[in-house]
Amino acid sequence: MTRILILCCLLSAFAAPVRGTAWPDIAPYLIKAGLAGDDNPAPPAAATAQDKPCEHVSFSRGLKYGDSEQNVLDVATSGEPKGTSPRPVLLFVAGDSFAGDNAASNPASPMQDEAMCFAARNGMVGVTMKYRLAPANPWPSAARDVAAAASWIHQNIDLFGGSRDEIVAVGYSVGAFHVASLLAHPEFQQSDSSIAAAVLVSGIYRIGSDASAAEKSYFGGDASQYEARSAFPGILNIETPLLLAWAAVDPPSLVAQGEKLNEMLCHSATHCPHTTILSARDSLASVFAADGSSSSLAEPTLELVREVETRGLP
């Protein structure tokens, strides 16, 4: 009722203007009285980098890195001025299964884009790749695809401001096996497919007799071949810096795989890897959420990149 009386008083004060005289603007008075914009929500708070992770990031889509129509990758870069030093490269290799009906790993998704944008926002170049799947493309097709994508980066990433000497491969889920397999099997590598470091997230590194149908479609039906087609023992002989991660909520079999690989690497002749236990693992993008906690891959990955950069200094 009070609000209505205030409105009436204001209208009376400006009533019956002289002919030829414009009505005065009473909006400021209405706003001051709390009568204007009652139905309009308050303006939202300024968006942060986390709200718009891909703001100011440019994408180059569907770039061919191999002979198959599934051999394509995307590149994400930020608006860095030309003439700056070549930037490190994060190559994301993700996948939920060894097999698929479309014979290729999942196409670009918002979650994969956000992971690439994490790289671009932090002064790097982000790359995601598709690779061939079983049953049309059994072992070791995907590992060879990772090698071919790394080779493409060596040959072309300078066009995007990236450094061929600072490639960090990030294997996520099934992709972690393919990255580990490439490191463990020199015969899959190409002359220019080397990577400077690797991040392996919630991967399977050794296949057992209890392999799933999707795993069997990739590794074959002969269980006697599984050990030779795993990441062991070759991965125990590499000197490539590694960051191992798995989630506390991962299935026990995945946690055991990560713990076993960490244990064996620490007892090998090379080195112990860096390790991180994630509180959750909802998507490729979620594990890089910069939430300031120790359960994110953001800071450990940046530390690994800094280690790679330091090794390249004179």
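Is Ser-202 buried or exposed in this model?

A: Ser-202 is buried, because its relative accessibility is 2% (buried means under 20% relative accessible area, exposed over 50% and partly exposed in between, using a 1.4 Å probe and protein chains only). Before we go on, please note that this is a predicted model, in which local features need pLDDT of at least 70 and side-chain atom pairs count only at pLDDT 80 or more, while totals for chains, interfaces and linings use all residues. Residues are numbered from 1 along each chain as its sequence is written, and side-chain values use heavy atoms, with hydrogens and water left out.

Where does Ser-202 sit? Its place is the loop between β6 (197-201) and α6; helices (H or I, at least four residues) and strands (E, at least two) are DSSP runs, numbered from the N terminus. Ser-202 is not a glycine, yet its phi is positive, about 50°. His-56 is another non-glycine with a positive phi, of about 70°, and it lies in the loop between α2 (27-33) and β1 (57-64). With 66% relative accessibility, however, His-56 counts as exposed.

Beyond neighbours within four places in sequence, Thr-77 is in contact with His-56, Val-57, Ser-58, Ala-120, Val-125 and Phe-160, where contact means heavy atoms within 4.5 Å. Thr-77 itself is buried, at 14% relative accessible area.

The model has 10 aromatic pairs (rings of Phe, Tyr and Trp, its six-membered ring, pair if their centres lie within 6.5 Å; planes under 30 degrees apart are stacked, over 60 edge-to-face, the rest tilted). In one of them, Phe-177 and Phe-219 have ring centres 5.1 Å apart and planes at 75°, so this pair is edge-to-face. Phe-177 belongs to helix α5 (residues 174-184) and Phe-219 to helix α6 (residues 213-219), so the pair ties together parts that are 42 residues apart in sequence. Both Phe-177 and Phe-219 are buried. Phe-219 also pairs edge-to-face with Tyr-226, at 6.4 Å centre to centre and 70° between the planes, and Tyr-226 is buried too. Together with Phe-98 and Tyr-218, the residues Phe-177, Phe-219 and Tyr-226 form one aromatic cluster.

Further along, the loop between α6 and β7 (242-247) holds Pro-233. The peptide bond from Phe-232 to Pro-233 is cis, with omega near 0°.
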